[in-house]
Structures are given as C-alpha cells and as structure tokens.
Amino acid sequence: MTRECAALLPGVCAALADSRQPGLDDTCLEKLLDWFRSLTWFDPTVALVQDNPCLTELITSVLALPEPSPSILSFTLQLAGILASSENRFQRLQEEKLLGRLFGRAGPRGGAAWEDASVRSGWVKGVHSMVLHLPALRFLCSGGGMDVIFTLQGDPSLFVASAASQLLVHLLTFSVESETSKPVSTKDCDWPACAQAIIKHVEESLQSSSASRIEQSLKLLTSLFGSCYAAWTEVLWLNIAKQIESFLVEETFQAQHMLANLLLNVARSPVFSDTEGSFWALVTSVLEHLTPVQAGPLAVGLLKLCKCPQDVRIQALTVLLQPMDCILRAASQPLEYAGLLDESVSDPVAVESLLSSKTSCAALLCQTLAHLEKLLSLKHLRVDIPCVSLLRSLMTILQFCNGFLSPASPLGSTISRNLINCFRVQKSALDVLAVLSEKTGCDTHIRSLFDVFLAYLESPNTSPTVLKKAFQATSKWLVCLQELSCSNSQCQESEKILEDVFLVLQKRLCSPCWEVRDSSLEFLTAMIKCLRDQDGFRQSLLSSEVPRLAENLLEDPESYVRASAVTAVGHLAFMTYFAPESPVIGNQYNKENTIAKLQEILSTDSEGFPRRAVISIFTKWLREGCTGQLEDTEQFVSRVIQTVEHDLDWEVRLGGLELVEVFCSKTICQLGLSECPYAPVSSAATSSTQQNLLQVFCRAKLFGFVFRSLCDCDKPVGQRACDILIGLRGSFYPISTLENPQEIEDSPAGHGIAWLQRTLRQGSLAQNFPTDGANGVDFQDPESMMLALGAIDLLELHDELNKSSDHVEESPQSLLQDILATMGTVEENEVDCY
C-alpha cells in the first residue's frame, strides 16, 4: 500500500462506519474490495491489519451500529473474509474476537439484517474468501456454519443460492485436499469431517422427496465435476451413480435437463477417461430416456469429446438427426427417399409429437439445427454425418416454411402448417446450408437447392433477416457451383443460375426496404470477392444492370446503404477498371469517375459509415496496387490524407493512417530495394535513395498528418501514428546511428525539432498543432523530417500512448479520494472528476 493510500484509508473507514453518511454506490464498494483482494493476494503477513488499525476499527464500528445499512454490513463481511484469508491475519482477527461476531452464531445470521439478500450474499462471499486455510475451515464447522450454507442452497435469491452452491464445492474440494494424509480411493472412503458432512447432505438430498433439494444437489455436483478433476471425484461418483440412474425411471422426476448437464461434465473429466463401461452405459440410458429437446445438448457435447466411445458417439448423432429424419419421411407418401437413420435411439413417436405441436415444432428444429451447425463447423469430427440426406431434409424444411411443398402424408401436412412463415427455423436452416457448402458430395442436388434459394430471394414474403441469411448461403453455394462448372452441361446450368440470381438481385437493389438494399449490396460484394476471377461470373455481372444500380445507391438516403454501396462499387471497380484481365464490357463508367464519386463521399457525406467505407476501399486499392504509377499514387494519397486529417470521425482518421502505412511499405519496397515492409534500407542503397523516399513522403504531405495524429484526442489514432513513425525510423536509421538531440540544436532545423519533441510530450493537450511559423518545423522538408525521425524519442511516446487511460484515474488513491468526496468529507475542488 502506498503512503498516499495509507493516509487516506482512515478517513474512508471512518466515513463508511458513520451511519449519518449517505449510502455509497455499490460499484465503489466492489472496487474497494477488489483493491483489498489484490493487497492480500501477494502478502499473507499480518502487516496489512497491523499497520492499518482503521480496518479493524471499521469492523468494530459497523458491528456496534444498531441498524447498519445492508450494503455496509455486506461490505464488512466481505472485507473481513478477505482479511482473514491468511492464517496470520485470521489469528489477529480472532484475537480481537471479530470473526465470531461476523460469521458465527452471534453474527448477523440470527438478526433482522439477515432478511436482506445482500447481507446473506456478503456472508457467503466472506466465508468463501476466508476458507483458504484449515483454521478457517475448523472455525466455520465448529460454529454451525455448514448448516447455514446448506440452508442458503435453497435461498429465494438465485444469486445467494448459486454462491452457496459454489461455496460448498470449494469447501468439499479444500477439505479433501487439505485434511487427508493419503489419496482417497474406492477401498478407503474415510472422508474428512467437513467433506463427509457435505457428501452426506448431497446423498440425503438426492434420496429425498423434495424436488428442490434434488435440484440443488444436482447443481452442486455439476459444478464440482466441471471444476475438479482430482481422482477422488470417481469415488464420489460411484457413491451416487445408482441414485442418478434411478431418476430415469421415476415418473415424478422433473429435472432431466440437469442430468444431461451433470453427465456431460462427468464425461469431460479426465478422471473418467478409462472408466469401466458402467458410466457410458448410463450415458446411453440417459440419451434413450430424455426427450429430444433435453438430450440435444448432451448429444452435441458428447460428439465434441475425443474419448467418447464410438457406439455412444453414433447414438448421440442419431439423437440430433432424428428430427431431420422425421421431416424427410413426412415430406412424401409413399416414401420417395430413405430417411437419414436406419433406427432411432428413442421412440420416433416422441419426435413426431413434438413436430406436430405448433409451440414445440420450431423450438425442437431450431435447437437441432443450431447443434448441427456447430458440429459441421468442426474441423475434426469423429463420426460421419450423412450430408446428402441432411441437405434434402434442410431443403424440405425451407419448402415447408414458405409453403412451396404440399406433402401428402398427414404428419407432413401438420408440420408444414406449423412451419409456414416461421422465420426462426428459416434462418437456422439457411445457416446450416451455408456450412454444408464446404462438404463434399452434396453437388448432386445443386439445381434443386438453387431453386429453393431463388424462391426465397424472389418471394415478397421473405423477411429482411431471412433474406440476408438466404443471400449468405447462396453466395457460399455459388462458389461451389463455379468449381463444378467444368463440363459444357454444367457450365450452361451455372450460367442460367447466375442469370437468375442477377435478375433477382436487380429487383432487390430497388427494394423500398433499406435493409433489403443493404443485404443485396453485401451479397454483391461477397460474390465479387469469391468469384471475380471467374470469366462466366464477370460476364454475367457486367451484362446485367447490377453495376449501374449499385452505383446509384451511392446516393441512397440511408447511410448504412451508402456505406455498403461504397464497398460494392469499390470491389466492382477493382474487378472492372483495374484488373488487366477484366476488360470493361458495356460499362460506360470509368476509373476517374468512380474515384471522384468516392472522394466526394469522403469529403462531404454527413455520416461516418460511408466515409469509413471509402477510406477502407482506398486502402484496399492501394494494397492491391490499383492506383497506378508511383506519381499517381503519391497524388492520390496526398489528396486523401488532406481530406481525412480534418475528419471528425476517429475511425476515418485511423483508416487514413492505415492508408499511409500501406503507402510507406509499398514505396520503400519499390524505391528502397527492400523485400519486406519497414525493413532497413539495404547497404547497397545510396543516400540518394533515402533522399528520394523522403521526398516522396514529403510531397505526399505524409509527415504533417502522422505527426499531428500523435496528438490526436483518440488514443488508437496516436498509437497507430507512433507505430508508423517507429517503422519509418527503422527503415532510415540503424539503431546505432540515431541522432543525439543535444547535437542537433545548432542545426537550422534543430530549434523546431526540439519544439516538436516538447509538444508531442503534451500528448492530446497539444491543441492547434502548428505546422509552420515561428516554430520552424517544416513537415515537407526531407532534411528536417530525417532529423525528426532520428532525434525524437518515439519509444518514450509509444510507452505513454500504450498506458491504460485509467492508470491514474482508476488507481486505488483515486478511488479512495472519490469515496471521501462522495461521502462529503473533502472540499469540492478535491474531487477526482474523471
């Protein structure tokens, strides 16, 4: 603790214990507790309590209050627990007889204050902090604390109940690990007293007729097996496994979902990797007995495990595929296709019943589809998913949802009525279809799949959110389509699909709904990114009205749409104007017009989103080498940064710096004979090469923008500017040849460079950063900039800029000052107003 904090702490403690003071914000109290945790974490000695008697005086004063406020009492309980977390401080507090009055029978747990949930929560948290050593554990057990915690497991406050459960897990783990002289095994089940009390409580709760007690113990066990992987957990499991299994056949048991969570945590524990088959037999039994909704999370969790037996893994997959199988079988009568499964895990009637209900149908399918999307996204899945059959099932679901399929079977008709216009299921099915595009073997149904996509893209009933998902899935499958279109027949089919897609896109770009226009532009951009090198795609796109419509949307009244239009037009321009292998076909626009339009948006658009999009596109063009020869690029960069440096949006200014960074690296590679960005100029490069580089940068007015950005009021801008300058210095100066600031004072530019160094040290306080005049800093003079790069302490600036903005304002000293100010014990001008 610093001297300043030690001086402020007595006043803070006195203010907290004063019942006449107004209540303090809970956030301040939490920060104060966090500070004490950090103080005690590294120092177990008694010094903190001994050197700051105001802490024990605070506890004594609060205990003496007839009716302390619940927040202060809760704070005191937690503070005492933190202080008592080491044996030395625990003994000191015991000597002063404080812990019994806080956590024992004489404490608040027997009074009116206990009715407040915050006090009960403070008691639990205080005990949790305190019991890190055996004297504290024995104190708790001897004072009847265990019975209190058992009761709090069922507290009406969920926060208190959860904290009590976590505390029991901690006590059980700590007791076994601290009070046993040898490892607990199946032959030796002599648990320590505290652990024995907890285990007995758990076993009795599991065997009780109280549903709430059973659920409390299941939560405790789930938490234990999820956090503790010691060998003794297997002994505990063997004690309770039979009781867990019995719940599967009890008709009155209503917490099946909790069984799934418990078994998944047990399965994840390395302790059970070589367990005999009884555990996995129980898992199999649970998968059979739970409903498809309850079994889904367990099934997907098992499929992610490396050690899960293959037969269990197949059964888990079957649980997830059952609803999809039912959909496929219900779609036609008589059955045209085989389903996904040869046999079911649980009774198919249960799945059919859920799908037949309006309320449960969508919930089951959304959960199943979400699980399947996760599994299909995994790089290594140790079970084969029947992707082709799954694809057919997904297409069937989407056709049910938009009413394009009229099944003959009664079940199919019922499911279709339940799913009609169900946006949730549509979005989930489209997400899975997007992932399936990466799987092999699904191309046999690609024409039928695009019929489904086009139906959604064309339908006026498709909601904007579903349309966005349909666009995303379509773009993924268009990539597959282009990869397949090798033969003439497939090529013709690909051209027809692209033609249909662009016809739909033309209509959607003219939609009165801005979300639809926005999604359409994003879809266009995604297609260009993936397919711009495909001749068939380029011809289909450029022969359509899409480019013209996209460019028209640069003037859309909605800023999000204008931003998306900028991005789409930028990618169109890259494909049509800049790529030499892509001649412009029937397009009356040219490169200069596009650049002029985007620069106008950058300088005049009232919203930040379009301007950010422009600077991002310009940077992409520059990175891809699309801005012409060096002279053209130099002028282009100069115009852009002169516009950007006055922008009020910090992200636009940051984008300008990224543009500068790309320009620097490419110019250095081009003129400095360096293969890597920011690598030192090779020894073969002459001083004239350095001079040429500096002249290019100065003519582009790059240095003025970057140096001013160092003083930007938004820290990310200053950090990026500093990184750029450090990179440039590394290109011009080997470390051993940096300029000595003292030696350049006499040079013509020396006075200006010294002023610049002082100004930069002021950071964002340096207002109206001047670029000329009496200070004599010429940012377009190569010699001055060479001196500046070598003499200014950029590393010191880098350290300052990378300091957390709250390294002063949120210091413990500032916190204590804030508390004193809030409690009205200091003058107004002493308040930390940050």
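At what angle do H34 and H35 pack, and how far apart are their axes? The two helices pack at an angle of about 150 degrees, with their axes 10 Å apart. Axes here are lines fitted to C-alpha atoms, for helices over the stretch in contact, and angles run from 0 to 180 degrees between N-to-C directions. H34 is therefore roughly antiparallel to H35; the cut-offs are under 35 degrees for roughly parallel, over 145 for roughly antiparallel, 65 to 115 for roughly perpendicular, and oblique for the rest. From H34, the contact uses Phe663, Cys664, Thr667, Ile668 and Leu671. From H35, it uses Thr689, Asn692, Leu693, Val696 and Phe697. Contact means heavy atoms within 4.5 Å. By class, this contact of H34 with H35 has seven nonpolar, three polar and no charged residues. Ala, Val, Leu, Ile, Met, Phe, Trp, Tyr, Cys and Pro count as nonpolar, Asp, Glu, Lys and Arg as charged, and the others, Gly among them, as polar.

This is a predicted model: local features need pLDDT of at least 70, side-chain atom pairs count only at pLDDT 80 or more, and totals for chains, interfaces and linings use all residues. Residues are numbered from 1 along each chain as its sequence is written, and side-chain values use heavy atoms, leaving out hydrogens and water.

Now the whole protein. It has 41 helices and zero strands. Helices (H or I, at least four residues) and strands (E, at least two) are DSSP runs, numbered from the N terminus. Of the 834 residues, 54% count as buried. Buried means under 20% relative accessible area, exposed over 50%, and partly exposed in between, with a 1.4 Å probe and protein chains only.

Helix H37 covers residues 715-732. Its buried residues include Val717, Ala721, Leu725 and Phe732. Among the elements that cover them are H34 and H35, along with H36, H39 and H40.

The axes of H17 (residues 292-303) and H20 (residues 358-377) come within 10 Å and cross at roughly 5 degrees. These helices are therefore roughly parallel to each other. H17 brings Pro292, Val293, Gly296, Pro297, Val300 and Leu303 to the contact. H20 brings Leu364, Gln367, His371 and Leu375. These residues divide into seven nonpolar, three polar and no charged.

Last comes one residue. Thr576 is found in helix H30 (residues 559-578). Thr576 is buried, because its relative accessible area is 4%. Thr576 and Leu542 are 34 residues apart in sequence and 8.5 Å apart in space, C-alpha to C-alpha.

Note on methods: Expected span 1.5 Å × (residues − 1).
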